[in-house]
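Have the structure open as you read.

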Amino acid sequence: MTTKYFELEMTINGKAVVTEKRLPVINPATEQIIAYVPDANQLELDKAVKSARTAFPGWAATDIDKRAQLLNTFADVLLSHKEELANLFSLEMGRPLAGALDEITRASYWIKETTKQRLDRKIIEENETYRVERYYTPLGIVGAIAPWNFPVLLSIWKVAPALLTGNTIIVKPSPYTPLTALKIGELGRKLFPAGVLNVLSGGDDLGKWMTEHSDINKISFTGSTATGKKVMQSAASNLKRITLELGGNDAAIVLPDVEPKKVVEKLFWTAFRNTAQVCIATKRMYVHEDIYDEFLTELVNYAKTIKVGDGADPSSQLGPIQNKMQFEKVKDLIENTKKSGADIVLGGEVQKGPGYFIPVTIVNNPPEDSRVVVEEAFGPILPVLKYKDYEDVIERVNNTSLGLGGSVWGRDLELAYSIAERLETGTVWVNESQILSPHYPFGGHKESGFGIENSLDGLSEYTNSKTVMINKKKMD
Ligand code: NAD
């Protein structure tokens with residue numbers, strides 16, 4: 001029997017572009033190769049940059065309402081291909097189908113909401129002599145570099161504001177999850193003018209070449225903090241604008257007035273959704289000593305009901321780790337945690353493959369300086385930690401170089417809010433987690449990021465601010 005592979009090509013200048021070199025794409029639930037996608041070289045990147053540059057003046061001059069209209073049509077096209085896209089997504093990413101469908105729907109919604117935003121022209125001063133106004137111009141070509149954990153949504157977070165504000169774009173998905181992005185590029189081919197939306201697949205080198213390219217004006221990057229630092233360095237070559245959305249080690253603080261049974265389900269999902277491969281997942285759970293034992297018991301009881309399995313099986317609630325590199329990293333962290341003598345109260349035993357499956361693993365009160373607390377696991381292993389004093393827990397939570405998100409859970413909203421205010425993170429939720437919106441600014445503090453995505457603040461990062469001053473008096 002011959003295996004049928006998905007056949008998807010890159011989009012450059014509105015056309016499919018085939019490359020000689022190809023990269024295998026692996027289904028993480030079966031470890032089978034499901035496609036060979038283009039592995040773009042520097043010449044192909046140059047071609048994409050040239051086409052984006054040629055398209056730029058026309059697209060920038062197109063009325064913003066017309067650009068918004070095309071983006072809205074694009075959002076409808078994604079929705080009308082939702083099943084096909086979600087199937088592809090689930091196969092390459094490993095996420096169960098319901099979650100894959102949710103990401104496509106959200107991506108479409110995100111485009112639509114973003115197109116409602118406008119950075120208005122503003123008169124700053126007007127008097128007899130002068131008029132001073134400020135407005136926004138597009139930057140030129142945007143390079144969008146995405147990770148593998150939310151491969152569609154996080155690309156769309158870049159495509160929608162970049163194109164709305166009049167830039168052209170080159171999207172590079174992660175080499176682990178290129179298929180859905182390539183398909184989305186294909187769907188955009190007939191819709192946008194040639195060169196406006198380009199999608200290239202390739203290895204990490206392609207990302208590096210984009211950040212170094214002298215004719216790309218901005219890099220919008222989502223990925224690890226380590227790579228983000230490299231992006232910042234090479235973007236300096238031509239002073240590219242950069243937005244960096246990086247790693248996190250988010251904490252949830254559970255106050256003593258909480259009834260454990262009522263909150264463990266919600267808190268479980270803040271930590272383990274998408275097999276814990278979420279930048280804003282709860283990666284440390286601090287629970288007050290008064291309710292600690294009961295909370296841990298209830299959390300473990302709930303966790304035991306969760307089914308981990310192939311995303312293609314409708315009964316699976318959590319899929320595999322997306323790729324072998326991450327699988328090995330998480331396994332190593334589990335081994336290290338075991339060796340340290342920590343009390344693993346659930347999971348911890350990784351079965352033999354096929355598939356990069358890791359069971360839900362919960363660790364009871366490991367030392368604050370252990371790897372499982374300090375590192376971003378990006379996999380289903382969660383330390384639950386005991387605290388007594390609010391000052392102490394705030395200090396422990398803030399004692400990290402990362403600062404993406406966090407949450408506080410309690411019935412005393414005033415107390416919860418006073419703690420939330422003191423967390424050094426870009427977003428803090430109270431009795432919620434992971435709620436994002438095209439209209440809420442999102443970005444990291446400290447080494448979790450640089451700049452903002454979403455909202456008008458995020459939109460403005462795809463523009464130059466321009467001030468024009470006119471002396472209205474006649475020159476004679
Ligand atoms: P990664 O940094 O390894 O890769 C991200 C992207 O960068 C990929 O497309 C990769 O090919 C590309 N890349 C690799 N080397 C590059 C280089 N030198 N120059 C330019 N591009 C390069 O990250 P990942 O493993 O794909 O994603 C997981 C990480 O992303 C986690 O740390 C997670 O917390 C973070 N993340 C952050 C957010 C956020 O919004 N803050 C969202 C999702 C994921």
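About 1,900 Å² is buried between domain 1 and domain 2 in this predicted model, and carbon and sulfur atoms give 56% of that area. On the domain 1 side that touches domain 2, helix H3 (residues 82-93) supplies the largest share, 3 residues. Sorted by class, that side of domain 1 has 10 nonpolar, 7 polar and 4 charged residues.

What about specific pairings across the boundary? The rule finds 10 residue pairs in polar contact across the interface of domain 1 and domain 2, both partners being at pLDDT 80 or more. Salt bridges across this interface number 0 by the rule.

The domain assignment gives domain 1 as 10-246 + 448-466, while domain 2 covers 251-430. Their contact takes 21 residues from domain 1 and 26 residues from domain 2. Taken over C-alpha atoms, the centres of domain 1 and domain 2 are 31 Å apart.

Now to the ligand. There are 30 residues around the ligand, and those that come nearest are Ala146, Asp204, Ser224, Leu246 and Glu376.

| Residue | Distance from a polar side-chain atom to an oxygen atom of the ligand |
|---|---|
| Glu376 | 2.6 Å |

How values were computed: Residues are numbered from 1 along each chain as its sequence is written. This is a predicted model: local features need pLDDT of at least 70, side-chain atom pairs count only at pLDDT 80 or more; totals for chains, interfaces and linings use all residues. Side-chain values use heavy atoms; hydrogens and water are left out. Domain bounds come from an automatic or database domain assignment. Contact means heavy atoms within 4.5 Å. Buried area is the accessible area (1.4 Å probe) that two parts lose on being put together, summed over both. A salt bridge is a side-chain nitrogen of Lys or Arg within 4 Å of a carboxyl oxygen of Asp or Glu. A polar contact is a pair of N or O atoms within 3.5 Å; within protein, one must be able to donate a hydrogen and the other to accept it, and residues adjacent in sequence count only if both atoms are side-chain atoms. Helices (H or I, at least four residues) and strands (E, at least two) are DSSP runs, numbered from the N terminus. Ala, Val, Leu, Ile, Met, Phe, Trp, Tyr, Cys and Pro count as nonpolar, Asp, Glu, Lys and Arg as charged, and the others, Gly among them, as polar. A residue is near a molecule or strand if one of its heavy atoms lies within 4 Å of it.
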